[in-house]
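Please look at the sequence and the structure on the screen while I speak.

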Amino acid sequence: MITQLSFKAPSVKLNRLENLWFQLSNSTCNLSCKHCYLSCNASEKNKQFLGLDKIKKALEDAKEHEIQEIYLNGGEPLQHPDINTIIRLCLNKFNVTLITNGILINEKKARFLRQIDQERDNDLLFRVSIDHYDEEKNDSIRGRGIYKKAVNAIQNLYRYGFVPIISVVNLWEESDTELKQGFISLFSGLDMEFDESDIKVIPPIKLGEYAKNFEIYNDNEIVSSEDLAKCDLKKFDCFNSRVITPQGVYVCPLLINDPRGKVGNSLKDFSKEFYLELGSCYTCTQHKDNLLNNSY
Ligand code: SF4
Ligand code: SF4
């Protein structure tokens with residue numbers, strides 16, 4: 001499964017396509033977080049949404065694969081003008097995880113989403129991004145007042161029977177366990193029961209805004225064959241995932257802004273093998289679980 005190029009970047013081959021991502025809003029987002037690896041924001045020049053035609057085609061092509069989960073991602077996917085139709089279309093065939101900053105999830109929206117979920121056999125899951133249980137720390141990265149809005153979204157979802165996965169970027173090099181315990185205590189004080197498995201902590205990806213505001217990958221942060229040989233390939237998102245974007249099929253959600261991440265035009269025609277020559281690939285080798293898919 002692991003092969004070697006002359007310049008020493010090893011590769012990972014797609015095993016089975018189990019996780020299909022839709023990059024619904026490209027880099028359009030109602031926030032502009034200081035660590036966003038895609039440099040998302042609300043600017044008009046970023047405004048681009050994945051067309052319904054492309055989504056329907058990919059869902060049709062996906063029948064040839066053993067898809068276990070569809071991921072709806074952005075930017076902020078809830079800004080897509082056809083989001084309700086998209087959730088229904090995807091849920092008709094597969095389980096769906098919607099990855100959101102929560103800003104648009106008020107009580108009415110949570111109630112509506114529960115109705116959509118109950119109409120179908122497949123499951124609708126949410127992953128809500130919040131980077132610290134401490135309001136000041138979170139808002140120093142995600143923007144003033146965002147902590148309260150994210151907590152409010154989590155409460156709204158919980159009220160309607162969803163236990164969202166909490167998505168945390170560990171920006172201050174804290175212990176993952178302490179971070180998780182901090183969130184569990186926070187939610188417990190708000191009468192919500194979470195356990196460690198509901199909280200996904202990942203390291204920062206040194207691309208986009210993070211690279212501008214904090215740190216870039218250095219020359220030593222490259223993947224060697226020796227490093228890769230020590231890894232469990234199942235933890236690499238490129239081992240079992242691909243992303244549908246307005247520009248074509250990409251290897252993983254981390255690389256949708258990099259032309260080197262493009263692996264094809266459609267699910268009928270895309271490359272199964274990818275050479276891990278990018279700094280973000282190094283982050284994947286260093287992290288003990290996969291960075292993006294739910295299985296962790
Ligand atoms: S990190 Fe998430 S919420 Fe923040 S700007 Fe990027 S896509 Fe939007
Ligand atoms: S960034 Fe990670 S998931 Fe993406 S291609 Fe590199 S190793 Fe694979």
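This is a predicted model: local features need pLDDT of at least 70, side-chain atom pairs count only at pLDDT 80 or more; totals for chains, interfaces and linings use all residues.

**The loop between β3 and α1**

Asn26 is placed in the loop between β3 (19-23) and α1. Helices here are DSSP runs of H or I with at least four residues, strands are DSSP runs of E with at least two, and both are numbered from the N terminus. Residues are numbered from 1 along each chain as its sequence is written, and chains are lettered from A and ligands numbered from 1 in the order in which they are written.

Is Asn26 buried or exposed? Asn26 is buried, because 22 other C-beta atoms lie within 10 Å. By the rule used here, a residue is buried with 20 or more other C-beta atoms within 10 Å of its own, exposed with 12 or fewer, and partly exposed in between, the C-beta atoms being placed from the backbone. The backbone of Asn26 has a phi near 50°, a positive value in a residue other than glycine. Most residues other than glycine have a negative phi, and most peptide bonds are trans.

Ser39 is also found in the loop between β3 and α1. Its phi is near 50°, again positive in a residue other than glycine. Ser39 has 18 other C-beta atoms within 10 Å and is therefore partly exposed.

A further backbone feature is the peptide bond from Gly74 to Gly75, which is cis, with omega near 15°. Gly75 lies in the loop between β4 and α2.

**The two ligands**

A residue counts as near a molecule if its C-beta atom, placed from the backbone, lies within 6 Å of it.

Asp258 and Leu38 are 220 residues apart in sequence, yet their C-alpha atoms are 9.7 Å apart in space. Asp258 is in the loop between β10 (248-250) and β11 (262-266). With 13 other C-beta atoms within 10 Å, Asp258 is partly exposed.

Around ligand 2 there are 14 residues, of which Asp237, Cys238, Cys252, Cys281 and Cys284 come nearest. Both α9 (237-240) and α10 (279-286) supply at least two residues of this shell, and α10 gives the most, with three. The shell of ligand 2 holds twelve nonpolar residues, one polar and one charged.

Which residues of helix α2 (residues 83-91) are buried? They are Ile86, Ile87 and Cys90.

Two residues are in contact if their C-beta atoms, placed from the backbone, lie within 7 Å.

The largest nonpolar core has 79 residues, and Phe22 and Leu72 have the most contacts inside it. Helix α5 (residues 146-159) gives the most to this core, with seven residues. A nonpolar core is a set of buried Ala, Val, Leu, Ile, Met, Phe, Trp, Tyr and Cys residues joined through C-beta atoms within 7 Å. Leaving aside residues up to four places away in sequence, Phe22 touches Leu50, Ile55, Ile70, Tyr71, Leu72, Asn73 and Ile244.

**The whole chain**

Finally, the protein chain has ten helices and 13 strands. Of its 296 residues, 41% count as buried. Among contacts between residues at least 6 apart in sequence, 72% join residues at least 24 apart.

Key. Ala, Val, Leu, Ile, Met, Phe, Trp, Tyr, Cys and Pro count as nonpolar, Asp, Glu, Lys and Arg as charged, and the others, Gly among them, as polar.
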